[in-house]
Amino acid sequence: MSDLVEVSARIYSVEEYFEIENHSEIRHEFEDGILIPMPGETLDANEIAQNFISTLQKILRKKGFRMFGHDVRTIVRERRIYRYPDVVVSASDTIKDIRHVTEPVLIVEVLSESTEEVDRNKKFRQYTALPSLQYYLMVHQDTALVEFYRRKEATSTFEFNFIDEHNDKIEFPLFDTFITLEDIYEGIQFNSVEEEVKE
C-alpha cells in the first residue's frame, strides 16, 4: 500500500468525493467525510501486488471471480468508508457497478512503515467486519513474511497464521487453489542475502 499523506481538513459528501475522484490525478480513500490521498507506492510493493495478480487471476476468473489491483475502489461501508486495497477479489456475479467492488472475498494490503498501523488495526477491523470477506493478507515488503487471516467457516472469527517459509502454501479453499511465498516475492531482492527469495 502507498504511503499516506496529510488528510483533508474539511468534510466532504460522498457525491463530492466521487466528483473529486473522477478528475483527480491521485486516488483518495474516504472515511466519514475525510479524504485521504494515496500517492505513489514503492517499486517492490507494486511488484508484490502484481505477483499476486499474475499468479492467481486466470485461475480465479475460470472459477467465477474477478481480481483487481489498487486502482479499483472497494466499498467498505456504503456512503461512509471507501478504500483502495492493493489487491481485491470479488465473485463476478456480485459486481453491479463498474466503479466499485462491493462484496470482496479476498483483500491484500502490502505493508509500508507509514501505513502498517492503519492496515493492521483500523483496516483490519473494517475489512473483517465485511460478511463477504474470507481472506485478509498483510504482506511485508522488506522481508519474506505474510500475515494470513482466514475466516472460520460460517462464523465471524478469523484464524491467523504467519507464512515465512519460501515454499509454504497459502491455501484458499474457496477458490480451490493456493499461492506460495516464492510466488509472492518473485523478483524481489531483500537487503539480507539470507532473506532473498530464490526463483
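**View A. The open six-stranded sheet of the predicted model.** The strands follow the order β3-β6-β8-β9-β10-β11 with mixed pairing; two strands pair if DSSP finds at least two bridges between them. Strands β3 (65-68) and β11 (158-163) form the edges, each pairing on one side only. From one strand to the next, the twist averages 10 degrees, where axes are lines fitted to C-alpha atoms and angles run from 0 to 180 degrees between N-to-C directions. Strands (E, at least two residues) and helices (H or I, at least four) are DSSP runs numbered from the N terminus. Residues are numbered from 1 along each chain as its sequence is written. In this predicted model, local features need pLDDT of at least 70.

**View B. Pairing of β6 with β8.** Strand β6 (residues 87-91) is antiparallel to strand β8 (residues 104-110), with four bridges between them. Val 88 has Ile 107 of β8 as its bridge partner.

**View C. Helix α2 against the sheet.** Helix α2 lies across β3, β6, β8 and β9 (135-139), and runs at about 165 degrees to β3. Its buried residues (under 20% relative accessible area, 1.4 Å probe, protein chains only) include Ile 48, Phe 52, Leu 56 and Leu 60.

**View D. Geometry of α2.** At Leu 56, α2 bends by about 45 degrees, the angle between axes fitted to the seven residues ending there and the seven starting there. Gly 64, which follows α2, has a positive phi near 90 degrees.

Note on methods. Predicted model: local features only at pLDDT ≥ 70, side-chain atom pairs only at ≥ 80, totals over all residues. Heavy atoms only, no water. Buried < 20%, exposed > 50% of the residue type's maximum accessible area, 1.4 Å probe, protein only. Contact = heavy atoms within 4.5 Å.
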